Amino acid sequence: MHSLPPPSVESLDDILPQEPLLMMGAGPVPIPHKVSYANSIVINHLGETMNKVIEQVKAMGRYVFQSASAQVLGVAGPGSAAMEMAIANLTAPGERVLSVCNGYFSRRMAEMATRVGGQVTVLEVPNFEYAGVERVEAALKAGDYKVLTIVQGETSNTVFNRDLQAIAQLAHERGCVVIVDAVCTLSTMPLEMEAWNVDAVITGGQKGLSSIPGVSLLALSEKAWRKIENRKHPMAHWCLDALLADNFWNKKSYHYTAPVSGVLAIHEALRLVCDETLPRRFERHLVCSKALQRGIEAMGLKLLVPEAARLNSVIGISIPQGVSADAVREHMSRVHRVEISGSFGLEIVRIGQMGEQSRAHNLFRTLHALGSSVQHAGAALDLPAGIAELEKGLAQESVTVA
Ligand SMILES: *Cc1c(COP(=O)(O)O)cnc(C)c1O
């Protein structure tokens, strides 16, 4: 007896647009064909094939994180799951944690550290400023901190913590375990885990790496690993327990059924990073983001964050007074088939420059769609000047931006 009838639903063909929207927001980002193909395959989660894939993911991960000695673990879950894994495994109840907070995502780390029993002090960085070394040093001196959390690029308000290396060094010297959120920045700009004395680097799939959402990576230093092995407190999270994840990621045995398709996808994403090499990838991101920023300004729009604290991986743009940011985004999506992001509460839009987003053809289409949609919403702009400036910014012979 089935008393509940099946619901009447539409097929995906009816729901999805004929041509996918160009994903130029703060993530997820477009994925290369090799990544989407890998994501369509299911293999056994244990056995020789998977073992080889895992070994290569770890080896490529160590290159992308720039740490020969890091433990690279994957997690079935969003970037926030990798974040929770780092924080839950590295924060003992009662330990003092200094959380450098620039915005929404760095505050999430403070929230997670509080939930696992850390005694958290929040260092609030004023909006649109980066965390300065002196300010963090003074905060570190004022307490016996065991953990420091900080974001490299704060996606929410598009601020870049340019002093990350010096801050990590200071925290390291004072005995902290240093946890860095690099979800939007990894592989778009330098982050040298080992040389900078960073103990945990968090990343997701769907941003800098240009893979799918839902499978994330966490890299742990030797110091972080020792702390985890020696911990005395019970670990409340079973799925996120690094010592159990070690069974799968290092000992070829079972923890939970790995998200095999997503692991294959991230394998391909990492392989494309290795093929391109980090220096060339960083340069591509830098040239593309700067050219886009110049194009936006030349068109007559204002960038949200002053240059000194401005993130290149996600660009925040102020929308002229009297124009609705939501109306601009709606027009871009409906008419130009380009999707960008709004923000939490601010009258701004955000355009991503992560992975496949940083390609010349995507930039021209996005800048045109933005300019034309702002004009449609009622503000006067010089669209040709913007496009010309973008063209000039991209015309650097040494860099491949196609
Ligand atoms: C997107 C993002 C996250 C969260 O990633 P999810 O996959 O949405 O959990 C965390 N930190 C930063 C800096 C991000 O950009």
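These legends describe close-up views of a predicted model.

Local features need pLDDT of at least 70 and side-chain atom pairs count only at pLDDT 80 or more, while totals for chains, interfaces and linings use all residues. Residues are numbered from 1 along each chain as its sequence is written, and side-chain values use heavy atoms, with hydrogens and water left out.

View 1. Domain 1 gives 29 residues to the contact and domain 2 gives 26, where contact means heavy atoms within 4.5 Å. About 2,300 Å² is buried between domain 1 and domain 2, with 60% from carbon and sulfur atoms. Buried area is the accessible area (1.4 Å probe) that two parts lose on being put together, summed over both. On the domain 1 side, Phe-128, Thr-158 and Glu-276 lose the most area to domain 2, together 32% of what that side buries.

View 2. Two salt bridges are counted between domain 1 and domain 2. A salt bridge is a side-chain nitrogen of Lys or Arg within 4 Å of a carboxyl oxygen of Asp or Glu. Arg-281 and Glu-276 pair through their side chains in a salt bridge, 3.1 Å from N to O. Glu-276 is also among the residues of domain 1 that lose the most area to domain 2. Across the interface, 13 residue pairs are in polar contact, both residues at pLDDT 80 or more. A polar contact is a pair of N or O atoms within 3.5 Å; within protein, one must be able to donate a hydrogen and the other to accept it, and residues adjacent in sequence count only if both atoms are side-chain atoms.

**View 3. The domain 1 face.** Elements giving two or more residues to the side that touches domain 2 are α3 (48-65), β6 (153-154), β7 (159-160) and α10 (260-276). Helices (H or I, at least four residues) and strands (E, at least two) are DSSP runs, numbered from the N terminus. The largest share, three residues, comes from α10. Thr-158 lies in the loop between β6 and β7. Thr-158 has a positive phi of about 55°, although it is not a glycine. Most residues other than glycine have a negative phi.

**View 4. Around the ligand.** Of the 14 residues around the ligand, Gly-79, Ser-80, Thr-155, Asp-181 and Lys-207 come nearest; a residue counts here if one of its heavy atoms lies within 4 Å. A polar backbone atom of Gly-79 is 2.8 Å from an oxygen atom of the ligand. A side-chain N or O atom of Asp-181 is 2.5 Å from a ligand nitrogen atom. Gln-206 places a polar side-chain atom 2.8 Å from an oxygen atom of the ligand.

**View 5. A cis peptide bond.** The bond from Gly-27 to Pro-28 is cis, with omega near 0°. Pro-28 lies in the loop between β1 (22-23) and α2 (33-38). Most peptide bonds are trans.

**View 6. A salt bridge within a helix.** Lys-141 forms a salt bridge with Glu-137, with the closest N and O atoms 3.8 Å apart. Both lie in helix α6 (residues 133-141), four residues apart, about one turn of the helix. The structure holds 21 salt bridges.
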